[in-house]
Amino acid sequence: MFERRKIKYVYLRLSKKIKNFLLSNKSREFLIFSFFFFIAFAFWLLQTLNSDYEAEFAIPIRLKGVPHNVVLTSEPPSELRVKVKDKGTVLLNYLLGKSFFPVNLEFSDYKAKNDRVIVLTSEFEKKIQTQLNVSTRLLSIHPDTLEYIYATGDSKWVPVELVGKVDAAPQYYISDTLFAPDSVLVYAPTKILDAITTAYTKHLQFENISDTLKKRVSLAQIKGAKFVPNAVDLTLHVDIFTEKTVEVPLHGINFPPDKVLRAFPSKVRVTFQVGVSRFSKITANDFMINVSYEELLKLGANKYTVKLKNSPQDISHIRISPQQVDFLIEQVSSHDH
């Protein structure tokens, strides 16, 4: 009850203040000024809009009647930009209330033998002019040509390949690059389709990656071709480097039956960096050090510099200790042989 009285009291007090303000001399002067200002503004606006101006409008484009066996690999633009000239009142009506009907292209009217259609937009001037006021002058239509390319069922699968720069953080490396899907379907006219062997991603750049990265990436467009899908999921697996050492024996090759290699030491230590996930999988058997008989003959009394013949692809920073070894070509007795 008390709240209702309080609200009523505030309402009456506010109403009284407004009434006193409206009946005051200052209020009457303000209302008279506003009235004449509004009339002056209306006359100015009317005179301004009576002048000629230029304006640009968008008219939609629709391609209709596309057969089910046709795939548009390069679609026409979605709208025409139309530049016109008329009095401001007419242009204001276009801006505020006028809606333009789409320009329709019938596929059967423009079907081309080479799967590429080019249409001059000047063909649509009459259609556009019928939607404009009689006094409106059509100045230009942009673009001046419409182009689209289509394929009639021609397609093939192509693999996806990354384009760009991918750098792992220090002590890390990219252990695997995966796409899902790893290949996509490409539609295109025969000549374009034959030239496409790979679907490349748009240029990517990732730096200082220290954890597995998942990203949705778009495929680079090729004029006249359509990829399905046009985007794939990229996964970059990251692993951290660790160091491992194995002992690898030296093997003599191309030695005569009565001669053998004696190396000092007979094994060398191979130290390398490898990802943690691959640490236990790489052993000394993955490395090969072959020492040829012909090469040792050329060295004479010099030491042999150890060289790896085979090593795993996913390792780096390989070091061999010792780098040089002494050797002896030992004659084997006929009994031992």
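These legends describe close-up views of a predicted model.

**Figure 1. Overview of the predicted chain.** The protein has 337 residues, and 32% of them count as buried. Its secondary structure comprises six helices and 22 strands. Among contacts with a separation of 6 or more, 76% join residues 24 or more positions apart. The exposed surface comes to about 22700 Å². Carbon and sulfur atoms supply 54% of that surface.

**Figure 2. The salt bridge between Glu-79 and Arg-81.** The closest N and O atoms of Glu-79 and Arg-81 are 3.4 Å apart. Glu-79 has a relative accessibility of 34%. Arg-81 has 28%. Both values fall between the 20% and 50% cut-offs, so Glu-79 and Arg-81 count as partly exposed. Salt bridges with shared partners also bring in Glu-56, joining Glu-56, Glu-79 and Arg-81 into one network.

**Figure 3. The salt bridge between Arg-319 and Glu-243.** The two side chains meet with an N to O distance of 3.2 Å. This pair links distant parts of the chain, 76 residues apart. Arg-319 sits in strand S21, which covers residues 315–321. Glu-243 belongs to strand S16, residues 231–253. Arg-319 is partly exposed, at 42% relative accessibility. Glu-243 is also partly exposed, at 43%.

**Figure 4. The salt bridge between Arg-262 and Glu-330.** Here the closest N and O atoms lie 2.5 Å apart. The partners are 68 residues apart and link distant parts of the chain. Strand S17 (residues 259–264) carries Arg-262. Strand S22 (residues 324–331) carries Glu-330. Arg-262 has a relative accessible area of 39% and is partly exposed. Glu-330 is partly exposed too, with 31% relative accessibility. Side chains of opposite charge can pair when their charged atoms come close.

**Figure 5. The largest pocket.** This pocket has a volume of about 300 Å³. Its lining is made up of 16 residues. Nearest the pocket centre lie Thr-73, Gln-221, Ala-225, Lys-226 and Phe-227. Two elements give two or more residues to the lining: strand S2 (71–74) and strand S15 (226–228). S2 gives the most, with three residues. By class, the lining of the largest pocket has six nonpolar, six polar and four charged residues.

**Figure 6. The second largest pocket.** The space in this pocket is about 150 Å³. Its lining includes Asn-114, Asp-115 and Arg-116. Ile-149 and Pro-189 also line the pocket. Thr-190, Lys-191 and Ile-192 complete the lining. Helix H5, residues 190–195, provides the largest share, three residues. The lining of the second largest pocket divides into three nonpolar, two polar and three charged residues.

Methods. Residues numbered from 1 in each chain as written. Predicted model: local features only at pLDDT ≥ 70, side-chain atom pairs only at ≥ 80, totals over all residues. Heavy atoms only, no water. Salt bridge = Lys/Arg side-chain N within 4 Å of Asp/Glu carboxyl O. Buried < 20%, exposed > 50% of the residue type's maximum accessible area, 1.4 Å probe, protein only. Helix = DSSP H or I, 4+ residues; strand = E, 2+ residues; numbered from the N terminus. Contact = heavy atoms within 4.5 Å. Areas by Shrake-Rupley, 256 points an atom, 1.4 Å probe, with all protein chains shown as cover. 1 Å grid on protein atoms, 1.4 Å probe; cavity = no way out; pocket = protein on both sides within 12 Å on 5 of 7 lines; lining within 4 Å. Points joined across faces, edges and corners; volume = space filled by probe spheres on them. Nonpolar A, V, L, I, M, F, W, Y, C, P; charged D, E, K, R; others polar.
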